[in-house]
Amino acid sequence: MSALGRTVTDSPLARRNPTVKLALLTVVSVVVLFVLDPLTPGVLYGLALVGVVVGTRAAPRTLALAHVPFVAFAVGVLLVNALSRPGTVLWTAGPLRVTQEGVEIGTALAARTLLIGVLAVGFLLSTDGVALMTSLRSNARLSPRVTYAALAGYRMLQEMPREWATLQHAHAVRAPLRDDGRAVLGVRHHAGVVFGLLVVSLRKGERMSQALESRGLGRTPHTTWRPVAVDRRDAGLVVGVLAVLALVLALSAVLDILEGPGALTR
């Protein structure tokens with residue numbers, strides 16, 4: 001099973017309104033874009049990870065695998081900033097040099113990446129595609145074209161890991177073998193898998209658009225079979241998340257740790 005291939009439906013976070021969760025994800029992501037010290041997003045990441053573990057009840061292996069692309073991107077951001085940003089030199093080796101400012105900014109950006117990543121993983125693991133579409137239609141008042149497009153994209157995103165595994169196995173069958181019988185999976189193999197995934201996604205998107213149009217997607221009015229309501233527990237989730245976010249930012253500011261975009265120009 002892929003890391004994000006199945007929604008954990010029997011969990012506290014899965015019972016919350018999808019539009020509310022999406023709005024909270026957007027708000028937190030936008031706020032942390034203006035935070036550029038390493039500690040504040042690191043603390044928020046730790047709290048978010050605990051919240052996702054408790055709220056989704058996902059297996060540790062699932063969360064670990066879902067972290068892989070975000071960790072890889074975070075490490076890349078850290079290295080690029082540490083090696084390219086001017087400032088006080090901490091270490092040199094030939095043409096390479098690591099600066100204190102680069103490490104600090106890179107660590108902050110890496111922690112931000114992990115924070116947004118774990119929130120996105122929690123949203124994907126706890127949100128059913130149909131419920132998301134229905135909630136966006138009923139609660140966010142979006143048009144059917146937008147909501148059905150969101151459902152189609154969400155389904156494709158969930159199925160991509162499975163498609164990737166299928167294409168990898170198909171390409172491995174035709175790959176040359178080593179002396180021990182194992183397939184040689186190099187850059188050419190992975191490039192072929194990426195191209196195949198792109199083609200499959202484009203064809204699937206075209207079929208989805210044709211199916212939606214044939215079912216009267218652009219016609220109005222539309223009715224909702226099972227509307228998704230917003231209740232007091234959703235309001236409690238909003239208050240809790242925003243309160244934690246505000247508390248961490250306030251403590252960081254009081255302790256003179258919080259830094260904003262001005263850190264980029266130091």
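## The nonpolar cores

In this predicted model, the largest nonpolar core is made up of 20 residues. Leu44, Leu63 and Leu115 are the members with the most contacts inside this core.

The surroundings of Leu115 can be described in detail. When neighbours within four places in sequence are left aside, Leu115 is in contact with Val32, Pro41, Leu44, Tyr45 and Ala48.

## Thr56 in helix α2

Thr56 belongs to helix α2. Is this residue, Thr56, buried or exposed? The relative accessible area of Thr56 is 0%, so the residue is counted as buried, the cut-off for this term being under 20%.

The side chain of Thr56 also has a polar atom that lies 2.5 Å from the backbone oxygen of Val52.

Strand β1 (residues 89-93) and strand β2 (residues 96-99) run antiparallel and are joined by four bridges. Within this pairing, Trp91 stands opposite Val98 in β2.

Together, β1 and β2 form a hairpin, with two residues between the strands. Gly94 lies in the turn and has a positive phi of about 65°. As a general rule, the side chains of a regular strand alternate between the two faces of the sheet.

How values were computed: Residues numbered from 1 in each chain as written. Predicted model: local features only at pLDDT ≥ 70, side-chain atom pairs only at ≥ 80, totals over all residues. Heavy atoms only, no water. Core = buried A, V, L, I, M, F, W, Y, C linked by side-chain atoms within 4.5 Å. Buried < 20%, exposed > 50% of the residue type's maximum accessible area, 1.4 Å probe, protein only. Contact = heavy atoms within 4.5 Å. Polar contact = N/O pair within 3.5 Å; in protein donor to acceptor, adjacent residues only side chain to side chain. Pairing = 2+ DSSP bridges.
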